[in-house]
2 protein chains.
Amino acid sequence: MDASPVASTSETHGFQVLGAIEDRYDGMIVEADLLPSTVEEFRSRLEASILHWKAQGKKGIWLKLPLSHVDLVPTAIKAGFGYHHADPGYCMLTLWLPEVPSTLPANASHQVGVGAFLLNDAGEVLAVQEKNGPLRGTGIWKLPTGLANHGEDICAAAVREVKEETGIDAEFQEVLCFRQAHGIAHGKSDLFFVCALRALSHDITPQESEIADAKWLSLKSFREQPFFADRPLFRTMMDICAAQARGDYRGLRLCASGGDLQYQMYVGEVASDTLQDDTDTIKQPQ
Amino acid sequence: MDASPVASTSETHGFQVLGAIEDRYDGMIVEADLLPSTVEEFRSRLEASILHWKAQGKKGIWLKLPLSHVDLVPTAIKAGFGYHHADPGYCMLTLWLPEVPSTLPANASHQVGVGAFLLNDAGEVLAVQEKNGPLRGTGIWKLPTGLANHGEDICAAAVREVKEETGIDAEFQEVLCFRQAHGIAHGKSDLFFVCALRALSHDITPQESEIADAKWLSLKSFREQPFFADRPLFRTMMDICAAQARGDYRGLRLCASGGDLQYQMYVGEVASDTLQDDTDTIKQPQ
């Protein structure tokens with residue numbers, strides 16, 4: 001969070017206001033290093049601090065409680081704070097002071113999954129059967145899939161999942177399409193990116209823990225599985241994959257990353273080479 | 001979470017094991033409705049339950065504590081549970097029992113943002129100046145942007161942000177490109193989708209709370225802002241937008257949603273109309 005290094009050391013009604021720094025949105029961030037060690041002192045100072053910040057016209061208060069201060073969580077909740085998010089190691093609580101609705105940003109809302117479409121030199125698709133989850137025991141062959149790890153690029157996640165599940169080395173080619181869905185894990189949303197990869201090895205070693213079987217399967221056999229028949233989502237994905245295999249489709253490729261931020265950008269192909277200074281030739285949207 | 005409706009009512013060392021149901025991954029989900037009301041009873045029964053589940057070979061234990069049971073959070077943490085996630089209203093704690101590394105899925109890892117590229121009939125781009133954030137006071141004109149709300153489709157978020165920030169009515173056309181970055185808000189990752197929209201109205205009403213100014217600006221003036229000069233990310237985004245305006249670029253369009261899951265799927269254009277039964281003509285990846 002962006003914050004100016006101005007600690008507040010005011011006193012209110014004889015209680016010392018909690019150590020906190022201002023953020024760029026007229027809010028305060030309580031400093032975890034300066035938290036009182038007893039619940040009773042925390043309760044008194046928190047109540048005094050809330051009055052003080054309210055009088056100052058402050059908006060959002062951020063209170064990050066590490067595991068070592070878990071005893072303070074109930075006190076903060078009873079003082080009006082709510083859960084913002086938690087991650088292994090800490091719990092983040094917030095309090096919105098103004099009468100108007102909160103403009104505090106919500107926590108991460110999406111999990112990111114990848115599916116890998118991978119052909120060998122014979123035009124066969126890399127297919128797996130899973131040991132866990134809703135498809136276990138059904139005999140259905142599917143693309144290797146998985147969730148991106150914390151901080152992992154989509155392109156890297158696709159390569160890693162293929163390697164983990166099948167032992168196949170591969171390199172990322174492009175994002176073919178993606179699907180957004182809601183209400184998935186704990187009510188959160190899900191973004192699933194179908195990625196085309198190029199195989200760099202051929203011999204399959206199925207992952208012991210998660211994969212019941214893995215093999216190269218003809219694309220025709222793969223697509224003709226009855227499971228796909230009444231599932232337009234999967235049918236469309238496979239249509240896209242087949243079109244890409246024919247050379248009839250262009251997805252979004254990786255664009256060089258850089259700048260202040262470490263990022264990966266996925267862009268389509270621009271028909272013309274003249275990217276700059278061509279704004280006189282704009283074609284109106286239809 | 002998928003679970004079978006088999007409540008456990010065993011006793012261990014005289015203490016009643018907590019009410020819990022089994023999930024599909026050899027784990028247990030503690031039933032929030034059946035939680036003891038006192039911290040002391042919870043402590044005793046939780047310890048007995050952990051021993052019992054461990055002896056049964058259970059793996060991941062899920063403990064969801066609503067705000068009404070916040071007093072139990074410190075007890076659970078001291079019994080070995082860790083934070084999995086929290087949302088307004090509850091805190092989810094987990095305990096992994098086996099000696100092998102945890103395979104519990106992580107919580108949502110990404111926030112989703114949208115930027116809207118919108119031209120009027122004169123080929124001018126809809127541009128705003130923000131009151132808050134890192135660009136406030138800089139005079140830089142930018143595309144309307146914002147975070148998707150909980151459960152909101154990317155296409156809907158882009159239309160909503162444009163309406164909120166400028167009063168302009170618009171319809172979604174396509175996702176032009178997207179950028180993934182890490183370590184953004186609370187260490188989470190960010191997916192930012194640049195969307196092309198079609199304007200359905202012309203008169204601008206800047207949002208009071210967040211927008212300092214908004215206007216239609218020539219695409220040339222917009223792109224030639226010095227701010228973009230050493231920022232390849234933004235330059236590339238604007239190149240893509242300009243190419244789309246010229247008709248030289250195709251992004252990912254919305255594909256009809258449906259099936260068991262409510263979803264939105266974004267796909268590119270397939271060059272050939274023959275989507276099915278064409279797997280004999282596969283072109284090998286280069």
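Start by selecting chain A and chain B together: across their interface there are 4 salt bridges (a side-chain nitrogen of Lys or Arg within 4 Å of a carboxyl oxygen of Asp or Glu). This is a predicted model, where local features need pLDDT of at least 70 and side-chain atom pairs count only at pLDDT 80 or more, while totals for chains, interfaces and linings use all residues. Residues are numbered from 1 along each chain as its sequence is written, chains are lettered from A in the order in which they are written, and side-chain values use heavy atoms, leaving out hydrogens and water.

Next, pick A:Lys188 and B:Asp87. They form a salt bridge, with their closest N and O atoms 3.1 Å apart.

Now select helix 6 of chain A, residues 232–246 (helices are DSSP runs of H or I, at least four residues, numbered from the N terminus). Helix 6 gives the most to the side of chain A that touches chain B, with 11 residues.

Zoom out to the whole interface. The contact (heavy atoms within 4.5 Å) takes 104 residues from chain A and 104 residues from chain B. About 8900 Å² is buried between the two chains, meaning the accessible area (1.4 Å probe) lost on being put together, summed over both.

Last stop: select A:Gln111, A:Ala185, A:His186, A:Lys188, A:Ser189, B:Ala106, B:Asn107 and B:Ala108, which line the largest cavity. Here a cavity is a set of points on a 1 Å grid over the protein atoms alone where a 1.4 Å probe fits but cannot get out, and lining residues have an atom within 4 Å of a point.

How values were computed
On a 1 Å grid over the protein atoms alone, a cavity is a set of points where a 1.4 Å probe fits but cannot get out, and a pocket is an open set with protein on both sides within 12 Å along at least five of seven lines; lining residues have an atom within 4 Å of a point. Helices (H or I, at least four residues) and strands (E, at least two) are DSSP runs, numbered from the N terminus.
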